[in-house]
Amino acid sequence: MGRPGHPILNWKQIRKAQAVYFFTGATWKKALITETYENSCTVLFQESNASKDYAKRVVDLANLRSVRGYSDE
């Protein structure tokens with residue numbers, strides 16, 4: 001399976017409440033951005049078969065992919 005979504009090239013392309021895919025080290029999970037920082041962000045996701053939400057800080061853009069593409073605006 002290839003990488004899902006679209007690449008994120010810099011931290012200014014992400015916003016709070018944006019749906020993204022992030023790489024857990026084993027698989028890609030769909031997540032929601034809850035906080036953004038200058039060089040990182042926090043994502044909220046659910047593990048499979050769990051009703052509990054987990055939060056993780058992501059510092060490498062290679063581990064994030066946008067669910068939606070970007071326009072040239």
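Helices (H or I, at least four residues) and strands (E, at least two) are DSSP runs, numbered from the N terminus. By this definition, glutamine 18 is found in the loop between E1 and E2. The model is predicted: local features need pLDDT of at least 70, side-chain atom pairs count only at pLDDT 80 or more, and totals for chains, interfaces and linings use all residues. Residues are numbered from 1 along each chain as its sequence is written, and side-chain values use heavy atoms, with hydrogens and water left out.

The protein chain has 0 helices and 6 strands. Its elements run β-β-β-β-β-β from the N terminus on. The radius of gyration of the protein chain is 12 Å, close to the 11 Å that the globule rule gives for 73 residues, so the chain is as compact as a globular protein of that length. This radius is taken over C-alpha atoms, and the globule rule is 2.2 Å times the number of residues to the power 0.38. The C-alpha trace spans about 40 × 30 × 20 Å along its principal axes.

The accessible surface of the protein chain comes to about 5100 Å². Carbon and sulfur atoms account for 46% of that surface. Accessible areas come from the Shrake-Rupley method with a 1.4 Å probe; for residues, only the protein chains shown count as cover. Of the 73 residues in the protein chain, 29% are buried. Buried means under 20% relative accessible area, exposed over 50%, and partly exposed in between (1.4 Å probe, protein chains only). Contacts (heavy atoms within 4.5 Å) were also sorted by sequence separation. Among contacts between residues at least 6 apart in sequence, 40% join residues at least 24 apart.

The structure holds 2 salt bridges. A salt bridge is a side-chain nitrogen of Lys or Arg within 4 Å of a carboxyl oxygen of Asp or Glu. In one of them, the side chains of lysine 16 and glutamate 35 meet at 3.6 Å, N to O. This pair links distant parts of the chain, 19 residues apart. Lysine 16 lies in the loop between strand E1 (6-7) and strand E2 (19-23), and glutamate 35 in strand E3 (residues 28-36). Lysine 16 counts as partly exposed, at 49% relative accessibility. Glutamate 35 also counts as partly exposed, at 31%.

Glutamate 47 forms a salt bridge with lysine 29, the closest N and O atoms being 3.9 Å apart. Here too the pair links distant parts of the chain, 18 residues apart. Glutamate 47 sits in the loop between strand E4 (41-46) and strand E5 (53-58), and lysine 29 in strand E3. Glutamate 47 is partly exposed at 33% relative accessibility, whereas lysine 29 is buried at 15%.

Arginine 65 is found in strand E6 (residues 64-66). This residue is buried yet has no salt bridge. The nearest side chain of opposite charge, aspartate 60, is 11 Å away. For charge, Lys and Arg count as positive and Asp and Glu as negative; His and the chain ends are not counted. A polar atom of the arginine 65 side chain does lie 3.0 Å from the backbone oxygen of proline 4. That is a polar contact, defined as a pair of N or O atoms within 3.5 Å; within protein, one must be able to donate a hydrogen and the other to accept it, and residues adjacent in sequence count only if both atoms are side-chain atoms. Not counting residues up to four places away in sequence, arginine 65 touches Arg3, Pro4, Gly5, His6, Pro7, Ile8, Val20, Tyr21 and Trp28.

Glutamine 13 belongs to the loop between E1 and E2 and is partly exposed at 22%. A polar atom of its side chain lies 2.6 Å from the backbone nitrogen of leucine 9. Glutamine 18 counts as buried, at 15% relative accessibility. Its side chain places a polar atom 2.9 Å from the backbone nitrogen of arginine 15.

Alanine 17 is found in the loop between E1 and E2. Its phi is positive, about 70°, although alanine 17 is not a glycine. Most residues other than glycine have a negative phi. At 58% relative accessibility, alanine 17 counts as exposed.
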